[in-house]
Amino acid sequence: MENIVTKGLQGTIVIPGDKSISHRSVMFGAIAEGQTMIHGFLPGDDCLSTISCFQKLGVDIQMIDDHTVLVNGRGLQGLKEPTDLLDVGNSGTTIRLLMGILANTPFHSSLIGDESIAKRPMKRVTNPLRQMNVHIDGRDEGNFTPLVIRGGKTSGIDYQSPVASAQVKSAILLAGLQANGTTTVTEPAKSRDHTERMLQAFGVNVQVDGLKVSIDGGQALQGTRIEVPGDISSAAFFLVAGAIVPQSRIVLKKVGMNPTRTGILDVLHQMGAELTFTNKHEDEAEPFADIEVNTSSLKGIEIGGDLIPRLIDEIPIIALAATQAEGVTVIKDAAELKVKETNRIDTVVNELRKMGADIEATNDGMIIKGKTPLHGNTVSSHGDHRIGMMVAIASCIAEGQTVIEQKEAVAVSYPQFFNHLHQLQV
Ligand code: S3P
């Protein structure tokens, strides 16, 4: 049960490690030569699924403490044929990037995940990998789990991706690491570039030219030290909470500021949120800063186009912000929401409606009219971490009690979420 917050949210939170970067640090460490030490690792369920899959592939990975991981890399040729199923749990990043890595392994692997993963389309990765000569089979001609892969000698491709997806781009680039010739991926809009940045930190030459990324085959990775900044997608919940809960002031420490991820900041700024940035570290492989947010008067805006990939995971919490903004907010060009952990157009609209929001679904997004007072109700995460956190923040401004079903889903990306929320309630 959650109650309306009467005295505002106040305090400082150290934002947990970035999920996308944590996954990649384990994966790239596993296929590198030598050791990789990861600091600021996110021990969320998804990243633990990545660790478990690579352990089954014969990689020695040790949790030194909750946020420090040591990976004893085996090199791309050193992975072993797994004797067990590789279970990715709820994690789309794990399965799609793993498919790219397994493209180089001359053995059989079977990949499964949870109920949500079983509904998420894998053809977007299966198709280009097949063009690179990788053998993949699976339900519905390789579109859904369970999937089986036998990798081997791959050929480079020049691939025009139909979607702006970092998971697709990364899978193809990882397959390209050992391919004959050059592998190029061109996207319709720029997706997050953590793979490009981190491969360079592991000593790989990656060429980036606008929307086009290329990699030459035959390159080895060298183990390194990785510093993972806080996840801006996790910070987003408290950025919006600070803006919409009356009498709030929240400071979020060490938030990742990679420009391919900061669409939420552009949107909050345009909506009128008061944000202040300090302790900026701009010269790191992955830049970060502290962000202070104060209660703000918000106004509705239109969100679409190339901005969408820069904030795709933040749309549930942006929708909540829009219910508290004066005027209409239109979110468009976001049909990708339908193939996330849940169909996030439906889950956002249905759960916010239960709390009194004026929100309607469209084919590629949603339209929200504000400002609307919210009321408590029984709502559900539907097993989707970002829906669980969004309704929890909604409960802070809702009149009466809110019951959140399946709230444990937040552990996928933010295990300490409810502790942090309670810490801020003065
Ligand atoms: C991710 C890419 C995005 C994002 C997901 C993490 C990644 O997915 O939604 O949470 O780490 O590469 P898509 O590649 O499907 O857009």
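A polar contact is a pair of N or O atoms within 3.5 Å; within protein, one must be able to donate a hydrogen and the other to accept it, and residues adjacent in sequence count only if both atoms are side-chain atoms. By this criterion, a polar side-chain atom of S20 lies 2.7 Å from an oxygen atom of the ligand. The model is predicted: local features need pLDDT of at least 70 and side-chain atom pairs count only at pLDDT 80 or more, while totals for chains, interfaces and linings use all residues. Residues are numbered from 1 along each chain as its sequence is written, and side-chain values use heavy atoms, with hydrogens and water left out.

**Ligand surroundings**

- The residues around the ligand, each with a heavy atom within 4 Å of it, include K19, S20, R24, T93, R96 and Q167.
- A polar side-chain atom of T93 lies 3.4 Å from a ligand oxygen atom, and a polar backbone atom of Q167 is 2.9 Å from an oxygen atom of the ligand.
- The protein covers 95% of the 380 Å² of accessible area that the ligand has on its own (Shrake-Rupley method, 1.4 Å probe).

**Helix α2**

- Helices (H or I, at least four residues) and strands (E, at least two) are DSSP runs, numbered from the N terminus.
- At 1.5 Å times one less than its number of residues, the twelve-residue helix α2 (residues 45–56) should span 16 Å, and the 17 Å between its end C-alpha atoms agrees.
- Its buried residues (under 20% relative accessible area, 1.4 Å probe, protein chains only) are D46, C47, S49, T50, I51, C53 and F54.
- These buried residues pack (heavy atoms within 4.5 Å) against α1 (19–31), β3 (60–65), β4 (68–74), β5 (86–87) and α3 (92–102).
- G58, which follows α2, has a positive phi near 90°.

**Residue T329**

- T329 is in strand β20 (residues 325–331) and is buried, with a relative accessible area of 0%.
- Among the residues that T329 touches are M271, G300, I301 and M366.
- The side chain of T329 reaches the backbone nitrogen of I301 at 3.3 Å.

**Nonpolar cores**

- A nonpolar core is a set of buried Ala, Val, Leu, Ile, Met, Phe, Trp, Tyr and Cys residues joined through side-chain atoms within 4.5 Å.
- The largest has 73 residues, and F238, M366, I393 and F417 have the most contacts inside it.
- Helix α8 (residues 232–244) gives the most to this core, with ten residues.
- Apart from this core lies another, of 63 residues, among them C47, L111, M132 and I226.

Key:
Buried < 20%, exposed > 50% of the residue type's maximum accessible area, 1.4 Å probe, protein only. Lists of a residue's contacts leave out its neighbours within four places in sequence.
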